[in-house]
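Subject: Structure handover

Hi,

Here is the structure for you to look over. My notes on it follow below.

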Amino acid sequence: MRNILTLALAATTTFGLLSAPATAAPSDRPQPFPTEINGGAWAEGHVQGIAIDQRKGYMYFSFTNVLVKTDLKGNPVGSVSGFTGHLGDMDFNTKDGRLYGSLEYKEQESFYIAIFDVDRITSMNMDAQTTDVVKTVYLKEVVADYAADMNGDGKFDGNIADTADHRYGCSGIDGVSFGPEFGKKHGKQKLTVAYGIYSNLTRTDNDYQVLLQYDIEQWKKYEKPLTESAPHTSGPERVDGKYFAYTGNTTYGVQNLQYDDHTGNWMMAVYKGKKPQFPNYSFFMVEAGTRPKTGELVGQPAPEQGKLLTLAPGGLQHEATGVRGWEFTGEYGLISLGGGRYYVSKAGTITENGVTKHTGAAQLYRWTGQVPTPFEKIG
């Protein structure tokens with residue numbers, strides 16, 4: 001049988017289902033969580049992101065082409081398969097009880113937010129296109145930047161990094177998280193989507209993390225079923241905010257994005273960049289409550305202004321560039337649980353019957369704020 005979960009739960013602590021949302025105020029007595037929740041072994045691809053429904057007690061793992069649902073013991077509950085695109089980072093929306101994830105179809109120049117009706121995910125290998133468990137919303141802003149003919153030669157060079165095309169170096173999207181509007185720590189909750197950014201050491205206009213914010217209250221009118229043979233273009237005409245965080249070029253941008261109420265910061269986990277003039281940290285944070293400032297976007301082919309975000313204080317600081325960050329491996333999955341506790345996904349591989357499969361396990365961490373690594377594993 002295809003896609004059988006094979007690994008057993010490694011947790012040793014007891015746990016209970018939680019009634020508070022992930023962004024609840026920190027408690028003097030944090031609810032217990034398993035020290036590890038196993039997502040199983042899958043041939044489709046490595047783990048890209050994780051999410052949790054604390055109230056009902058379910059975990060979600062994205063393995064590139066398949067979504068896996070487990071309980072908090074790691075027992076499989078269901079899965080959604082059949083994607084030919086790239087399913088990336090995800091976040092659970094406590095307001096409507098649905099799961100939101102980034103979904104890319106680079107060759108079709110189509111980028112979506114995939115919205116899962118998780119209550120319908122009750123069996124294994126449910127088809128993404130025929131079982132009515134997933135709807136999609138098209139992101140026109142992302143498509144415009146991804147497909148931009150930046151050198152004016154009249155053609156778009158496609159899904160390659162070694163080109164002048166792709167505005168800001170946009171390779172699509174990956175990081176996804178709900179949180180307050182930038183500059184308003186307790187502001188209205190919006191969906192924030194981070195660009196993937198190609199690694200390209202020869203250009204100077206790709207040194208920002210680009211983050212879009214959307215108010216999704218009216219998104220029902222855009223939601224359409226996923227039809228890969230005929231990608232739809234139903235989505236908002238414009239974003240509610242477009243922001244830039246100067247970190248230096250990273251390899252495929254923000255892999256995992258998470259708003260954390262405990263620190264009051266937006267957390268950004270990345271694959272390290274390769275430009276020698278930058279420190280190439282693997283983890284950055286943006287202050288949620290600091291109002292973005294309009295300023296020049298450095299390195300652009302023509303003068304351009306943008307809304308600039310402020311990197312959070314602390315951590316390591318690179319004097320030459322002013323970039324601040326930390327060293328931490330959260331690029332395969334990162335969830336803020338509230339009260340300074342987090343699940344971080346560990347990726348690995350195993351071989352079964354000659355087939356290499358990818359594994360993912362959500363491991364429990366606590367916040368320490370230490371340098372260079374601000375998290376400590378629990379258990």
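Lys275 and Asp207 form a salt bridge, with the closest N and O atoms 2.8 Å apart. A salt bridge here is a side-chain nitrogen of Lys or Arg within 4 Å of a carboxyl oxygen of Asp or Glu. The pair links distant parts of the chain, 68 residues apart. Lys275 lies in the loop between strand E17 (265–271) and strand E18 (283–287). Asp207 lies in the loop between strand E12 (189–197) and strand E13 (208–214). Lys275 is buried, at 1% relative accessible area. Asp207 is buried too, at 6%. Buried means under 20% relative accessible area, exposed over 50%, and partly exposed in between (1.4 Å probe, protein chains only). Helices (H or I, at least four residues) and strands (E, at least two) are DSSP runs, numbered from the N terminus.

Some ground rules before the rest. This is a predicted model, in which local features need pLDDT of at least 70 and side-chain atom pairs count only at pLDDT 80 or more, while totals for chains, interfaces and linings use all residues. Residues are numbered from 1 along each chain as its sequence is written, and side-chain values use heavy atoms, with hydrogens and water left out.

Other salt bridges

The structure holds 21 salt bridges. One of them joins Arg366 and Glu376, at 2.8 Å from N to O. This pair also links distant parts of the chain: Arg366 is in strand E25 (residues 355–367) and Glu376 in strand E26 (residues 375–377), 10 residues apart. Arg366 is partly exposed at 34%. Glu376 is partly exposed at 38%.

Asp117 bridges to Arg120, with the closest N and O atoms 3.0 Å apart. Asp117 is partly exposed, at 27% relative accessibility. Arg120 is partly exposed as well, at 42%. There is also a network of salt bridges, which links Lys95, Lys188, Asp215 and Glu217.

Overall fold

The secondary structure comes to one helix and 26 strands. The radius of gyration is 20 Å, close to the 21 Å that the globule rule gives for 379 residues, so the protein is as compact as a globular protein of that length. That radius is taken over C-alpha atoms, and the globule rule is 2.2 Å times the number of residues to the power 0.38. The C-alpha trace spans about 55 × 50 × 45 Å along its principal axes.

Of the 379 residues, 56% count as buried. The accessible surface comes to about 15100 Å². Carbon and sulfur atoms hold 48% of that surface. Areas come from the Shrake-Rupley method with a 1.4 Å probe; for residues, only the protein chains shown count as cover. Among contacts (heavy atoms within 4.5 Å) between residues at least 6 apart in sequence, 61% join residues at least 24 apart.

Five strands form an open, antiparallel sheet in the order E6-E7-E8-E10-E14. E6 and strand E14 (224–225) stand at the edges with a single partner strand each, so one side of each is left without a neighbour in the sheet. Two strands pair if DSSP finds at least two bridges between them. Strand E10 (residues 134–138) and E14 pair antiparallel over two bridges. Lys135 has Pro225 in E14 as its bridge partner.

Phe83 sits in the loop between strand E5 (76–81) and strand E6 (86–93). Phe83 is buried, at 5%. Leaving aside neighbours within four places in sequence, its contacts include Leu103, Tyr105, Phe116 and Leu226. Phe83 and Leu226 are 143 residues apart along the chain, yet their C-alpha atoms are separated by 9.3 Å.

Thr64 is in the loop between strand E3 (58–62) and strand E4 (67–71). Thr64 counts as buried at 13% relative accessibility. Its side chain makes a polar contact with the side chain of Gln48, at 2.9 Å. A polar contact is a pair of N or O atoms within 3.5 Å; within protein, one must be able to donate a hydrogen and the other to accept it, and residues adjacent in sequence count only if both atoms are side-chain atoms.

Lys106 is in the loop between strand E7 (98–105) and strand E8 (110–116). Lys106 counts as buried at 18%. Its side chain makes a polar contact with that of Glu104, at 3.5 Å. Beyond four places in sequence, Lys106 touches Phe111, Tyr146, Asn159, Ser171 and Gly172.

Best wishes
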